[in-house]
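Colleague: Could you take me through how the helices pack and how charged side chains pair in this protein?

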Amino acid sequence: MPPHSPSAAGVPDAGDERSGPPVRQALSESVYERIKAMVMDHEIAPGARVGIEALARGLKVSPTPVREALARLESDGLVVKRALSGYRATQLLTRQGLDELFEMRLLLEPRAAALAAVNATETQLDAFERIVEEMQAHPSPNERYASYRDFAALDQRFHEAIGQAAHRPLLADAVERLHAHLHIFRLSKVVGAEGPTVAEHERIVRAVLRRNPERAAEAMTEHLTRSLERQIEDGEQPAS
């Protein structure tokens, strides 16, 4: 194997046209995660231009999986595509943007939690408990996205699962489209955020398991309010 081949860099070889769909899918996912980490860790600075050819050279892949990754990151709200100027990393949330994000969450997610307490299936209730158990077992993250990626993904899964369990497709879609977790975790460090987050998630789950919509809404409101307060108190460190 040549010393600078994509496989040597930990990315599947994109040069073999005979590669089947599983290989292409693995390549696409790997490139997506690599570029996403660069944005989350500010290796690609907020507002900076994201060059497809330069990324392809740096990752030792063809431009195709880079384009696919950037399309996904645009959907995530981490990059934007401008006519004639290509992709740029999105700017970080300002304090006003953070307040507006939580204003939207406080409108949507307590209602989703209340509906989940009424409408969640047994399978969905089991899923809530599993997600919280996984978060409890997760090691304390450090400052790099690679460390807190799994915790952030579990956090996102939890909130989106509550939205799905409401059995209101438009509401669930609205919760998902906020991409709150990506924007919040991108703001700053997450060290120490997992303790109160998991405890608050547990209170939400207990209320949903007891089929208590009022308490579920209150627990979600309390969680989101404290999350915003923690970020403000800690210099807008994420703790959602």
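This is a predicted model: local features need pLDDT of at least 70, side-chain atom pairs count only at pLDDT 80 or more; totals for chains, interfaces and linings use all residues.

Colleague: How are helix α5 and helix α6 oriented to each other, roughly parallel or roughly antiparallel?
Modeller: Two packed helices are described by the angle between their axes and the distance between the axes. The axes of α5 (residues 122-137) and α6 (residues 145-165) come within 10 Å and cross at roughly 160°. Because angles over 145 degrees count as roughly antiparallel, α5 and α6 are roughly antiparallel.

Colleague: How many nonpolar residues are there in the contact of α5 with α6?
Modeller: The crossing of these two helices, α5 and α6, is left-handed. On the α5 side the contact includes Phe128, Ile131, Val132 and Met135, and on the α6 side the residues include Phe151, Leu154, Phe158 and Ile162. Sorted by class, the contact of α5 with α6 has three charged residues, two polar ones and, to give the number you asked for, nonpolar residues numbering ten.

Colleague: Which residues of α7 does α4 meet?
Modeller: α4 passes α7 in a left-handed crossing, and the residues of their contact divide into six nonpolar, no polar and two charged. From α4 come Leu108, Glu109, Arg111, Ala112 and Leu115, and the residues they meet in α7 are Leu171, Ala174 and Val175.

Colleague: Is Arg105, the salt-bridge partner of Glu109, buried or exposed?
Modeller: Side chains of opposite charge can pair when their charged atoms come close. The side chains of Glu109 and Arg105 meet in a salt bridge with an N to O distance of 2.7 Å, and being four residues apart in helix α4 (residues 95-119), the two are separated by about one helical turn. Glu109 is at 3% relative accessibility and counts as buried. Because buried means under 20% relative accessible area, Arg105, at 0%, also counts as buried.

Colleague: How many residues apart are Asp41 and Arg144?
Modeller: The side chains of Asp41 and Arg144 meet in a salt bridge at 3.4 Å, N to O. Asp41 is buried, with a relative accessible area of 16%, whereas Arg144 counts as partly exposed at 42%. Asp41 is in the loop between α1 and β1 and Arg144 in the loop between α5 and α6, so that the pair links distant parts of the chain and its separation in residues is 103.

Colleague: In the pair of Arg211 and Glu122, which residue counts as exposed?
Modeller: The two side chains, Arg211 and Glu122, meet in a salt bridge of 3.7 Å, N to O. Arg211 is in the loop between α9 and α10, while Glu122 is in helix α5, 89 residues apart. Arg211 is partly exposed, with a relative accessible area of 33%. At 53% relative accessibility, the residue that counts as exposed is Glu122.

Colleague: Which residues are linked in a network of salt bridges?
Modeller: The structure holds 16 salt bridges. The residues linked in a network are Arg203, Arg215, Glu218, Glu222 and Arg226.

Definitions and conventions. Residues are numbered from 1 along each chain as its sequence is written. Side-chain values use heavy atoms; hydrogens and water are left out. Axes are lines fitted to C-alpha atoms, for helices over the stretch in contact, and angles run from 0 to 180 degrees between N-to-C directions. Angles under 35 degrees count as roughly parallel, over 145 as roughly antiparallel, 65 to 115 as roughly perpendicular and the rest as oblique. A crossing is left-handed if the near helix is turned anticlockwise from the far one by less than a right angle, and right-handed if clockwise. Contact means heavy atoms within 4.5 Å. Ala, Val, Leu, Ile, Met, Phe, Trp, Tyr, Cys and Pro count as nonpolar, Asp, Glu, Lys and Arg as charged, and the others, Gly among them, as polar. A salt bridge is a side-chain nitrogen of Lys or Arg within 4 Å of a carboxyl oxygen of Asp or Glu. Buried means under 20% relative accessible area, exposed over 50%, partly exposed in between (1.4 Å probe, protein chains only).
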